[in-house]
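Here's a walk through one structure, taken a piece at a time. Keep the picture open and follow along.

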Amino acid sequence: MFWYRFRNFVSCALLLLMTLAALPIGGTLAGFGRRLAGCQPLEAALHGSLIVLLVWLGITLLLGRVYCSIFCPLGIIQEFMAHLGRKHLGTSRRHTRECLALRIEILACFAALGAVFVFFGRKEWLGAFDPYTLYTKAVGAVVFLAKMVFHRQLPSGVAGDFCAAGLIVAFLSLAVTVAVSILALFKGRIFCNTVCPLGTIFSLPGRFAPVRIRIKRAECVNCRRCAAHCAASCVHVREKKIESGCCTLCVNCLKDCPKNAIGFGLSLRGAEPEEKQSGEQK
Ligand code: SF4
Ligand code: SF4
Ligand code: SF4
């Protein structure tokens, strides 16, 4: 329960700071949120901040996808939506074997498109693949809508702090954010473990993390609650294995286990071995 509360508290606090940072306001918290933006991987890459990238690599190599657990606004929202789906729609998850080849192919497509953007001097367009940038632009669209409703007219003739091109990007970002959130309501973190290029990048070192979620064979009673509540569909109860490349460290499983049979543990075996059977498994 400690880790569940800790993760929820930290992720909500960071989401609040990132949202404040995206709003056109001043203040200490918003300023702190804007400084946090420098810790985002894409921002760090665009500004050549090698230290930040190395820190994220180190954290992921040691603990897995911490970024996807607490630092990605889109991930935090998806986790919340998956929780709503579980609670109010009764959605339940089963283990789904990761299709790494598909993830790599999608990542390669994004990389090729990104190379085209960079070649034509449009590095800022890389933000279209970055969940943090998408989220901040989506907040911008919501601010625009709020101003329209509040003032009952277009804010400063689509000028001032908004321009036509910026608005199109903002509303497209809002549409993507809403679509991903609705998907999470029914399908959990499928976007995170299939499409998201940053998620695939983090999952590559993350699968070798020595500190990871593990099931204690002797104590597990096969109730499958952990698997049913895992939005990332990465708990394989029968094999007592977690696909650590897919685990987004939401720690729901720790809270749900009636026997405390699942928790953080040390494993120096690298990635869990491939299962013999393919497809969806109980
Ligand atoms: S996989 Fe992508 S969208 Fe999901 S939490 Fe990680 S970075 Fe965010
Ligand atoms: S294995 Fe546990 S911590 Fe990892 S994604 Fe599933 S429920 Fe969350
Ligand atoms: S919730 Fe706990 S006891 Fe039940 S299957 Fe998962 S690890 Fe085993």
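How many nonpolar, polar and charged residues does the shell around ligand 3 have? By class there are 9 nonpolar, 1 polar and 4 charged. Here Ala, Val, Leu, Ile, Met, Phe, Trp, Tyr, Cys and Pro go down as nonpolar, Asp, Glu, Lys and Arg as charged, and the others, Gly among them, as polar.

Before going on, a word on what you're looking at. This is a predicted model, where local features need pLDDT of at least 70 and side-chain atom pairs count only at pLDDT 80 or more, while totals for chains, interfaces and linings use all residues. Residues are numbered from 1 along each chain as its sequence is written, and chains are lettered from A and ligands numbered from 1 in the order in which they are written.

Back to ligand 3: 14 residues sit around it, and Cys220, Cys223, Cys226, Cys257 and Ile262 come nearest. A residue is near a molecule if its C-beta atom, placed from the backbone, lies within 6 Å of it. Now look at ligand 2, which is surrounded by 13 residues, the closest being Cys230, Ala232, Cys247, Cys250 and Cys253. Its shell splits into 11 nonpolar, 2 polar and no charged residues.

Lys240 isn't a glycine, yet its phi is positive, near 55°. You'll find Lys240 in the loop between strand E3 (235–236) and strand E4 (241–242); helices (H or I, at least four residues) and strands (E, at least two) are DSSP runs, numbered from the N terminus. Val251, not a glycine either, has a positive phi of about 60°, and its spot is the loop between E4 and helix H12 (252–256).

Are these two buried or exposed? Lys240 counts as partly exposed because it has 16 C-beta neighbours inside 10 Å. Val251 has 22 such neighbours inside 10 Å, so it counts as buried. The cut-offs are 20 or more other C-beta atoms within 10 Å for buried, 12 or fewer for exposed, and partly exposed in between, with C-beta atoms placed from the backbone.

Finally, zoom out. The protein chain is assigned domain 1 (2–203) and domain 2 (210–272), with bounds from an automatic or database domain assignment. Their centres, taken over C-alpha atoms, are 26 Å apart. Between them, 25 residues of domain 1 are in contact with 25 residues of domain 2, contact meaning C-beta atoms, placed from the backbone, within 7 Å. On the domain 1 side, helix H6 (73–89) is among the elements giving two or more residues, and H6 supplies the largest share, 4 residues.

Notes
Two residues are in contact if their C-beta atoms, placed from the backbone, lie within 7 Å.
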